Amino acid sequence: PIPTSAMRFAFVLLVLAGLVAAAAAAESSIASVAAATPALSTLLAAVKAANFTEKLSNSMLVTTLFAPTNDAFAAYLSKNKLTAEQLLASPDLKWILKQHLVRKAAIKSSELTNGATVKSWLPKAKLTIEKTESGAVAKVTKADVPAGASVVHLVDAVLVPTPEAIRGGRREQEG
């Protein structure tokens with residue numbers, strides 16, 4: 001038989017390991033999820049270039065991110081005849097990123113209903129949810145990735161805001 005003191009020690013180690021794992025999950029954030037996900041390295045570079053790292057590193061931030069994968073960014077760059085460097089230096093980068101973030105709501109895929117609209121971080125801009133097999137503008141390729149108080153859904157396209165939405169964002173920033 002195993003001595004009682006050894007069993008208590010093993011139990012304490014298991015409890016501590018569980019607490020450390022729970023604390024690590026609680027400290028998760030959008031930025032840490034992006035850093036730990038190789039398919040989001042371009043998004044992470046864009047977050048850094050737009051000076052969003054600090055905000056998206058907050059584990060208490062409540063939002064939903066529709067995160068374009070590296071392949072999504074590659075397709076966007078090709079379609080728009082841009083280099084990654086040009087995109088990262090673009091004054092419109094922060095508006096493009098804000099189009100992917102939902103204001104004040106961590107929405108899991110099971111809570112997204114067909115035809116629903118959600119407000120993005122871009123002033124006066126909304127995203128419309130369409131639940132189809134093919135996807136409308138972008139298809140969710142991996143859903144419900146926990147990121148602190150937020151949730152991340154990987155998508156296969158960059159969501160491009162309208163010129164009017166970008167102008168509205170600039171006006172709000174200036175005003």
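User: Let's start at histidine 100. How far is a polar atom of its side chain from the backbone nitrogen of leucine 159?
Analyst: The distance is 2.8 Å. Keep in mind that this is a predicted model.

User: And which backbone oxygen lies 2.7 Å from a polar atom of that histidine 100 side chain?
Analyst: That of isoleucine 96.

User: Is histidine 100 buried or exposed?
Analyst: Buried. Its relative accessible area is 1%, and buried means under 20%.

User: Where in the fold is histidine 100?
Analyst: In a loop. H7 lies on one side of that loop and strand E2 (101–102) on the other.

User: What does histidine 100 touch, leaving out residues up to four places away in sequence?
Analyst: Thr64, Leu65, Phe66 and Pro68, then Ala157, Val158 and Leu159.

User: New topic. How many cavities of 30 Å³ or more does a search of the whole structure find?
Analyst: One. The largest cavity holds about 30 Å³ of space.

User: How does anyone find empty space like that?
Analyst: A probe the size of a water molecule is rolled over the atoms, and this shows where space is left empty.

User: Which residues line the largest cavity?
Analyst: Histidine 100 is back, as part of the lining.

User: How many of the lining residues are nonpolar, polar or charged?
Analyst: Six are nonpolar and one is polar. None is charged.

User: Now helix H5. Which of its residues are buried?
Analyst: Ala72, Phe73, Tyr76 and Leu77. Around the axis they span an arc of only 130°, so they sit on the same side of H5.

User: What comes after H5?
Analyst: A loop that includes asparagine 80, between helix H5 (70–79) and helix H6 (84–89). Lysine 81 also follows H5, and its phi is positive, near 50°.

User: What does the side chain of asparagine 80 reach?
Analyst: The backbone oxygen of tyrosine 76, at 2.9 Å. Tyr76 is one of the buried residues of H5.

User: How exposed is asparagine 80 itself?
Analyst: Partly exposed. Its relative accessible area is 37%. That falls between the cut-offs of 20% for buried and 50% for exposed.

Definitions and conventions. Residues are numbered from 1 along each chain as its sequence is written. This is a predicted model: local features need pLDDT of at least 70, side-chain atom pairs count only at pLDDT 80 or more; totals for chains, interfaces and linings use all residues. Side-chain values use heavy atoms; hydrogens and water are left out. On a 1 Å grid over the protein atoms alone, a cavity is a set of points where a 1.4 Å probe fits but cannot get out, and a pocket is an open set with protein on both sides within 12 Å along at least five of seven lines; lining residues have an atom within 4 Å of a point. Grid points are joined across faces, edges and corners, and a volume is the space filled by probe spheres set on the points. Ala, Val, Leu, Ile, Met, Phe, Trp, Tyr, Cys and Pro count as nonpolar, Asp, Glu, Lys and Arg as charged, and the others, Gly among them, as polar. Helices (H or I, at least four residues) and strands (E, at least two) are DSSP runs, numbered from the N terminus. Buried means under 20% relative accessible area, exposed over 50%, partly exposed in between (1.4 Å probe, protein chains only). A polar contact is a pair of N or O atoms within 3.5 Å; within protein, one must be able to donate a hydrogen and the other to accept it, and residues adjacent in sequence count only if both atoms are side-chain atoms. The arc is that of the directions from the helix axis to the C-beta atoms. Contact means heavy atoms within 4.5 Å.
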